[in-house]
Amino acid sequence: MPVFTLADIAAKIGGTLHGDPEIRISGTAEIDKASAGEITFLANPKYGSHLEKSHAAAVIVDGNSGITPAIPFILCPDAYYGFLQAFLLFNPPRKLLTPGIHPSAVVHETARLGAEACIGANAYVGPGVVIGERTQVFPNCVILDGSQIGSDCILYPLVSIRENCRIGDRVIIHNGAVIGSDGFGFAPYQGAFHKIPQVGIVVIEDDVEIGANVTIDRATMGQTRVRKGVKLDNLVHLAHNVTVGEHTVIVAQTGVAGSTRIGSQVMIGGQVAVAGHISVGDGARIGACSGVSKSVPAGETVFGFVARPIMKTKRIEAVTANLPELLRRVQQLEKKLEALQEKKS
Amino acid sequence: MPVFTLADIAAKIGGTLHGDPEIRISGTAEIDKASAGEITFLANPKYGSHLEKSHAAAVIVDGNSGITPAIPFILCPDAYYGFLQAFLLFNPPRKLLTPGIHPSAVVHETARLGAEACIGANAYVGPGVVIGERTQVFPNCVILDGSQIGSDCILYPLVSIRENCRIGDRVIIHNGAVIGSDGFGFAPYQGAFHKIPQVGIVVIEDDVEIGANVTIDRATMGQTRVRKGVKLDNLVHLAHNVTVGEHTVIVAQTGVAGSTRIGSQVMIGGQVAVAGHISVGDGARIGACSGVSKSVPAGETVFGFVARPIMKTKRIEAVTANLPELLRRVQQLEKKLEALQEKKS
Amino acid sequence: MPVFTLADIAAKIGGTLHGDPEIRISGTAEIDKASAGEITFLANPKYGSHLEKSHAAAVIVDGNSGITPAIPFILCPDAYYGFLQAFLLFNPPRKLLTPGIHPSAVVHETARLGAEACIGANAYVGPGVVIGERTQVFPNCVILDGSQIGSDCILYPLVSIRENCRIGDRVIIHNGAVIGSDGFGFAPYQGAFHKIPQVGIVVIEDDVEIGANVTIDRATMGQTRVRKGVKLDNLVHLAHNVTVGEHTVIVAQTGVAGSTRIGSQVMIGGQVAVAGHISVGDGARIGACSGVSKSVPAGETVFGFVARPIMKTKRIEAVTANLPELLRRVQQLEKKLEALQEKKS
């Protein structure tokens, strides 16, 4: 582990240092786990009491906690984000590949590689492929004809990219993910299904992260598009012609059917199913396991199968939980009413 | 883009041409997007008005629309299927591989390859494997001992096929799909689970398409069988000893548990779970996200969790949506009845 | 097929032989399918009548059936487990790979391989990797820097293991499974999501089986841990920092969110979603398709979306099935009460 001074860390974070700049810090840790010599962070004022007992040598804070620490501290706009920068200082990304083409890789003579691009063992890079500077293609990846990949990307082992797709800068794709497989489109005719050629592509913009064994189908025509900053967890499926807006997050095993448009800054939980040809507005949230069959307005939070505004689902759910009791009440009403009617007659 | 005459297109479609056979057509497009020189189609009479405004040079129609176009037209049995044939004329499948064995591929000396079969870079073809004519095995695919693959198949990158499986003609398998992994079978004994050997195989018949990262397990004994013309979307899971009947379509992320028999011409939506040891009859339909725990009769449409005949699910769903209101009505009944009883006593 | 004497089989099973030890057995079969010369088993007394009609030459029984067969038999503690041992005698695991490193594989000079380890074609074994004796790494697998794999493991084609993971002995990993991909962790800051480095590892203990295209994420810090004897079916997802206890079984397409602790001897059905930061107690059972948002006590059986104790779910479900009828009863009550009130006034 390297050692940094508090001044080094403040510079990295872009924060204001309060305390001795020469204090030597040996690592990062959570507030209740920090040992002497480590730096921690305080984002939530309710953990203020932990700070008094902490063994940390220094703490990263922001204006939100309203606390002025007794120990040396760095003030920055967002304590957790600042801490993440400090963590990265101590844990810089480790490069596992060496620049250049591994002798066992197959790179077509018409492919163009940027400076310091790494092509791992047994990888395949097809005709006309363009790979940007410092991008790492791990062993056994396959990139077919004409696809373009930006700079500083990481393609972990066994990622495959079909022909003519376009991938931006700083994109991370985890093992086994598939970009550009054919969309699922067939024309029924005389009792059989006939393949509709899928001649579109997939475009992945900058700063996207794609989980392990994700599948993103190419468009029938045009583009399936994943916009800047989107994060997709493992085993997510995006069908043909789907658009996912900027900085949207989709948790594991969720599927989005064809031509649906997901807005920006949307949060979708795990194992959600989103129907085709609908839209999910900017900033919407969809709870885990929901089945979304209709468009969701911007800013709305929906949940359930079938998905409804979350408060409505919760109210329904509360009654559902007591349905056997509700049935008994109706049975009792029927008996009482009958008794009343009998008396009457 | 190539250019064809209207006569070329009529011949390809097998339709009857009404208009000048020498008209030169430069491409295909939807009715509202076609430019001069393009051919479009009209399948649904309600888009008839679009035809009047369309810039298309010609249109493909069938008897269903009841419209006789003012522009040159080709009459055929199914306008959309005809249009698909025209589209294929302009967009013939592009061959990305060259026939023969890439020098980096490993093909066992006992494997037999048909004429013009293509084995891509870093692929592995094991002992006794048979691969038919013109079949394309993309880079980094793995085909283990004794498996047989028919003619004109496409195995996209990173497809793997375990030993002794059989695959028909014109089968398309997308990236990362797994054929013939062990079924999930264990015998509990003394607090642990002991593997039951899975000594069966997988048989995939002709004209099947299998999506990216699909998994199809081999049978415990006998066969897991996917019949002619079946289409499986991405991330579908078929367990050991499942049978899927001819021309059945299964949408993404659906799973079918062990020994279940799915009939022919069945449509199963995305993220459906079908229990083991049941059957789904011919022509049945299962709505997306359903959980099917009991056999489904032929021709039935089921939906929901738990799956029920769709009209029943819809009626239940309508009451569920108003459960809080139903609860209030019961509460009101209780109050009124109590009031009535008090007056009475 | 080899032939064994009844004495051979009794020795393999560790059972007591009743009958001629020299009888030659040619194979194993189920009780109603056995031909002359085959051995079968009887675990459940209700199939006792099948035994009388069976053509089997001998039968494996245990004390539970309470039946003393008229044909030669082997008595052992568990008839089905005994039969499984006999089956394995006739169907020994077939070794598809030959010991040593295939010439096309890339094995770093600092990797250490145990005796008779097999590294298949086009596989990659990175710096510092340790692989135990007799472990089989199939073609196109990728094992990154510093990962350790025990003895007698099988890594089927296209399995990938990220850096520094640890895998025990006798672990079976099916095609396309991913071990050690980054956990899904991001810090929101200024409208974007910033990657939290995932510096932990995955530890897989002895005798685990992992299905095709499963994904197991590495821990943010510390370990994602899959304990001894766990069986994971295809397309299961385990998020960062999850722990799965000994001899737990998880069926296909189930996902477990971050930091959740699953106990030992738990059974989880297919397509279940388990929320993050909860625990599932030892011996609990979770029905297929359930959505588990709260911790489950040890020994409890839960089911449904949302998951509840199964008897509660069944009672709710019974009322739900008749909700339209319940609504009609409430409507009738309202009418009758109104009529009563009118008479009264």
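In the predicted model, 49 residues of chain C are in contact with 48 residues of chain A, two residues being in contact if their C-beta atoms, placed from the backbone, lie within 7 Å. The elements of chain C that give two or more residues to the side touching chain A are strand 21 (178-181), strand 22 (186-189), strand 23 (192-195), strand 26 (215-217), helix 4 (310-321) and helix 5 (323-344), where helices (H or I, at least four residues) and strands (E, at least two) are DSSP runs, numbered from the N terminus. Helix 5 of chain C gives the most to this side, with seven residues. By class, the side of chain C that touches chain A has 28 nonpolar, 13 polar and eight charged residues; Ala, Val, Leu, Ile, Met, Phe, Trp, Tyr, Cys and Pro count as nonpolar, Asp, Glu, Lys and Arg as charged, and the others, Gly among them, as polar.

Residues are numbered from 1 along each chain as its sequence is written, while chains are lettered from A and ligands numbered from 1 in the order in which they are written. Because this is a predicted model, local features need pLDDT of at least 70 and side-chain atom pairs count only at pLDDT 80 or more, whereas totals for chains, interfaces and linings use all residues.

Between chain B and chain A, 48 residues of chain B are in contact with 49 residues of chain A. Helix 3 (79-90), helix 4 (310-321) and helix 5 (323-344) of chain B each supply at least two residues of the side that touches chain A, and the largest share, nine residues, comes from helix 5 of chain B. The composition of this side of chain B is 25 nonpolar, 17 polar and six charged residues.

Chain B is superposed on chain A by a rotation of 120° with 0.0 Å of shift along its axis (RMSD 0.1 Å), by least squares on the C-alpha atoms of residues with pLDDT of at least 70 in both copies. That is the relation of a three-fold axis. For chain C, a rotation of 120° with 0.0 Å of shift along its axis likewise gives superposition on chain A, with an RMSD of 0.1 Å.

Chain A contains five helices and 40 strands. The radius of gyration of chain A, taken over C-alpha atoms, is 27 Å, well over the 20 Å that the globule rule gives for 345 residues, so chain A is more spread out than a compact globule; the rule is 2.2 Å times the number of residues to the power 0.38. The C-alpha trace of chain A spans about 95 × 70 × 30 Å along its principal axes. Of the 345 residues in chain A, 54% are buried, a residue being buried if 20 or more other C-beta atoms, placed from the backbone, lie within 10 Å of its own. Among contacts in chain A with a separation of 6 or more, 20% are accounted for by residues 24 or more positions apart.

Two open sheets of chain A may be described in turn. Ten strands with parallel pairing form an open sheet in the order 9-12-15-18-21-26-29-32-35-38, where two strands pair if DSSP finds at least two bridges between them. Strand 9 (106-107) and strand 38 (291-292) of chain A stand at the edges, each with a single partner strand, so one side of each is left without a neighbour in the sheet. Within this order, strand 18 (residues 160-161) and strand 21 (residues 178-181) of chain A run parallel and are joined by two bridges, with Val178(A) as the bridge partner of Ser160(A). An open sheet of twelve strands, with mixed pairing, has the order 8-11-14-17-20-25-28-31-34-37-39-40 in chain A; its edge strands, strand 8 (100-101) and strand 40 (308-309), each pair on one side only. Strand 8 runs parallel to strand 11 (residues 118-119) of chain A and is joined to strand 11 by two bridges, Gly100(A) standing opposite Cys118(A).

In helix 3 of chain A, the buried residues include Ala79(A), Gly82(A), Phe83(A), Leu84(A), Gln85(A) and Ala86(A). In strand 24 (residues 201-204) of chain B, both faces are covered, with Ile201(B) and Val203(B) buried on one side and Val202(B) and Ile204(B) buried on the other. Strand 24 of chain B pairs in the parallel sense with strand 19 (residues 166-167) of chain B over two bridges, Val203(B) being the bridge partner of Arg166(B). Four bridges also join strand 24 to strand 27 (residues 223-226) of chain B, again in parallel, and Val202(B) stands opposite Thr224(B) in strand 27.

How values were computed. A residue is buried if 20 or more other C-beta atoms lie within 10 Å of its own, exposed if 12 or fewer, and partly exposed in between; C-beta atoms are placed from the backbone.
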